[in-house]
Every structure is written in structure tokens, then in C-alpha cells.
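Welcome! Take a moment to look over the sequence and the model before reading on.

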Amino acid sequence: MAELDYEGFWKDTLIQLRNDLGEEEFSGWFSEVKYLRAGNNSIVISVPTAFHQEKLSSRYHKTINSILKKLSGGDLTLEIEINKTSEAKTEKKDADTVPNFKKETATAEKIQKTKIKKAQHSQMRDDYTFERYVIGENNKFAANAALAIRENPGKLYNPFLIYGGVGLGKTHLMQAIGNYIHENSDNEVIYTTSEDFVNEYIEGVRTQENGQNIMKSFKNKYRYTDVLLIDDIQFFTEKPRVQEELFHTFNALLNSKKQLVFTCDRPITELKKFPERLISRFGLGLTVDLQPPSFEERCAILRSTAESHNVNIPNEVIDLISNNIESNVRDLIAAFNTLIAFAQVMKAPMTLEIAQQRLKNIINSPKYENLSMENIIRVVAEHFGLTPNDLKGKKKSQNIVSARQLAMYIARKSTDYSTTELGQDFGGRDHTTVMYSIKKIEERLLIDPTLEATIDKLKRSIKEFSAKF
Ligand code: ADP
Ligand code: MG
């Protein structure tokens, strides 16, 4: 029989500890820790000194055991041994030199201090907080529900689903809940995108086939957390096996009154091929939507952004941006950032004239033309005498493959869609296919002098076509 090996579990435990404790505290205590062997239902590690052994036991034993339990799904516990050789060395040093002892006390004090403020959550952005979230009529209901949830995770609205179009603040609001709970309680918060969840699941299946099973730790990670945030669940459509996994995670967490928060780019009922039993689970909690901000709300968001970046920006410039960029908050802030960056490079204050000039460029750039995927596919197909279905379909003839790659390239460069989203629009292809296509076109651009002109012409045609409808 092969000898048991728990080193994988130990490595995962270390990753989680580093997340929870922050780099400084983590390396203070764990840089010298070594995995030794698998014991009887236990993991045996070694530490350099008795001091380490005592401290690690009193401070972290419980936490580590609970992580191990989650990861292994069983009763794996921790045993700490002293590494004899290093103990002897340290003792000798300590006896020889007093300063060494002082140094140790100083480190301990430092560690004590860092503990006071909890380390930033590794999966979330630290600026996605409630303090940075401007509340207006468009998002009042959603924001108030989120504020209530952060105080009472698992108790009020569960599951909580936020839906709304691209760039309206779904991720920001979701992470604001997560950041707050992470900072103000001992609850474990996991944030993931549905893309990552799907990829982890696939990786789990793959390792299962290889005989080294990480599926169990994947399942346990999500089923035993206190707060689970899953972003952009529209990517779960048409993936029945992952939906099944999601369903079990959902039930496990709901049953133990753990908070679930989801975002989606459309109402849940409009998700195609999304199983009824998952949809009905959402009915148990609260669903809120985010609307695009009004002119006043756009101005308020820009003022708040300017303040948090510590930049001065005249009101007329704020009015100008808010008047011209109406689609969503992401575009609004992107335009604002471009203007600020320009002013900084030019080392000049932002004036209305400069803003008008720069904004013209921004508004005319294809990203802000709201080019739809349908229009891109249609125009490119037509240009090559093909149909949209040729580009979305599976045919592999040279001219179709080449037109498809070009359409993907243009879509990637002229829209905000991710490679995963683009893959979906191109007949449910994988994001790696989209990345490959873009690389191919980039290679061709280096050697084919006419290609750039073709791309420009296509972009113009797409814009014209879009303007007509
Ligand atoms: P979504 O997830 O809906 O696509 P995001 O949460 O990524 O949108 O938001 C896009 C950008 O707009 C982010 O930079 C976010 O901080 C900002 N944003 C969105 N809504 C607000 C708001 N109400 N107040 C301040 N910033 C916002
Ligand atoms: Mg988002």
C-alpha cells in the first residue's frame, strides 16, 4: 500500500493561514515550519524551538485543526514536533548572546501589533467598501439590504442576489459586504467568480481522473465557509455538472445559516438552461436590482472618486463627463481616470477646454460606441461573404477560421467583454480559444501589411452599422 501523504493538505492550510493572518504575522510564525509526515489521522510538522511549539499550539492549533477539517472533510489533526537539530543550535546562540533574546521579544511585540488590524482579504479589492459606494435613488434599495446583511450575515436575506447590467456596481457592493464582515468578525469570507468556481471544479474532475483527488477539498472549502460570495453567476448556464455542485453548496450553506451572496447580469429567470430547482432557491431570499445612475448620481460618484484620489476637479468638468457618459459607472470612472491621467502627465490643472478636447477622443473611441457582439459578428461575416452562424459554428475551413479569429480580435479590442464572455457569444467556445485567436491575429499583423487596414475598415463598418439600428 502506498504511504499516506498529506503534504497537499498542509500546503493548502498554509495558503489559507497566510490569507487569514497577513504576510507579516504568517512569516513570523510559519516560515520555519516543515511538513514531516502523515501520522495516524494527523499531519506531523516540525518547528525549530520549544518556544515555537508552545506558541503555535496556544495560538493557532485550533484554527489549523478547523482548516484541516474543512480541507480533508474528516478528522485530520495537527501534531507539532521540535526539530532537534535546530533547537540545539538556537539554544546555543541564545546562551551566547543576550541581544538575540531581545530581538525575539521585539519580533513578538511586532506580531502583537499587526494582529490588531486584520489583514486585507486576498480575493477582494480593498477599495470596494461601503465608504466608497455612493448611494442614490438608483441603488438605494440594494445598498440598504447589503448594509443590513453585513451586520447580520446568514440571518436576514439569504440568499442575496444583486443583478444589473455591466459596470453598475454589482461587484463593488458584493465585496463591500465581504470586506466589512472579514474585517469586523471572525467569519470566514470566500469571494469567487463563477468562472473561477467552474475552473476549480474542472481541475477537481481532472485530478480525480489522475487519482490525486482535490475534489473533496474543493467541495469542503465552499460548503463549510461562513460567507460565500459568487460573482457573475450567468456563467453557470449550460454547465449542468457545475450547477449540480452549486446546488449542493447552496443547500449546505443555507441549512447551516451561512450567508450566500450572488451577482448576475440579468434577472435570474432570464438565465437560459438554468435548472428550476436552483432558480427556486433564489426565491427563498432577496433579489435586488441596480439601475443606471441619473445625472445627479453620476456627478456624486465623480465627486466622491475625485475626493478619494485627492484630486481637484472643477464642477463644470464633472458636469461635462456626467452629461456625456451615461451608460454605466465603469465607463464613467474610466473616462474620469483618463482625464486625470492626462492632466497629470501634462502637469496642468484640469480645465473645461482640456476636458472637452480629451472627452471627444474618449467618446469617439470604439469602447464607448456600445458595439454589440451581434453587430460585430454580422458585419465581419458579411465582409467575408459568410453568415453569422458560420462564425459561431464549428466549421474549420481556412476562410471561416480566419474570419472568426478576426471577429474575436475586433470584439476583444473594441468592447469590454472578457475572453470568457466572448467565447460564449462565439458558439460557446472556451476562453482559451479566444485567447489563441487573438494571438494568431497579432502574429498576422506583424507580417501582413494589409491586415491593419482591413481591421480599421471593419471597425468603421461596424460603427456605421450600429448607428443605423
Ligand atoms: P459590475 O460588477 O456591476 O460590472 P463594478 O462593481 O465592477 O460593476 O463597478 C464598476 C466600477 O464602478 C467600479 O470601479 C466601482 O467601484 C464603480 N462603482 C459602481 N457603482 C458605484 C457607486 N455607487 N459608487 C461608487 N463607485 C461605483
Ligand atoms: Mg462585476
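This report looks at the surroundings of a ligand and then at one residue.

This is a predicted model, in which local features need pLDDT of at least 70, side-chain atom pairs count only at pLDDT 80 or more, and totals for chains, interfaces and linings use all residues. Residues are numbered from 1 along each chain as its sequence is written, ligands are numbered from 1 in the order in which they are written, and side-chain values use heavy atoms, with hydrogens and water left out.

Let's start with ligand 1. Its shell holds 17 residues, each with a heavy atom within 4 Å of the ligand. Among the closest are V134, G167 and H172. Because domain 2 (88-290) and domain 3 (295-368) both give residues to this shell, ligand 1 lies between them; the domain bounds come from an automatic or database domain assignment.

The table lists polar contacts (pairs of N or O atoms within 3.5 Å).

| Residue and part | Ligand 1 atom and distance |
|---|---|
| N139, side chain | nitrogen, 3.3 Å |
| G169, backbone | oxygen, 3.0 Å |
| R330, side chain | oxygen, 2.9 Å |

On its own, ligand 1 has 560 Å² of accessible area (Shrake-Rupley method, 1.4 Å probe), and the protein covers 89% of that.

Now for R150. Is R150 buried or exposed? With 18% relative accessibility, R150 counts as buried, a label that means under 20% relative accessible area (1.4 Å probe, protein chains only). Leaving aside neighbours within four places in sequence, R150 is in contact (heavy atoms within 4.5 Å) with F130, I177, Y180 and I181.

Terms used. A polar contact is a pair of N or O atoms within 3.5 Å; within protein, one must be able to donate a hydrogen and the other to accept it, and residues adjacent in sequence count only if both atoms are side-chain atoms. Buried means under 20% relative accessible area, exposed over 50%, partly exposed in between (1.4 Å probe, protein chains only).
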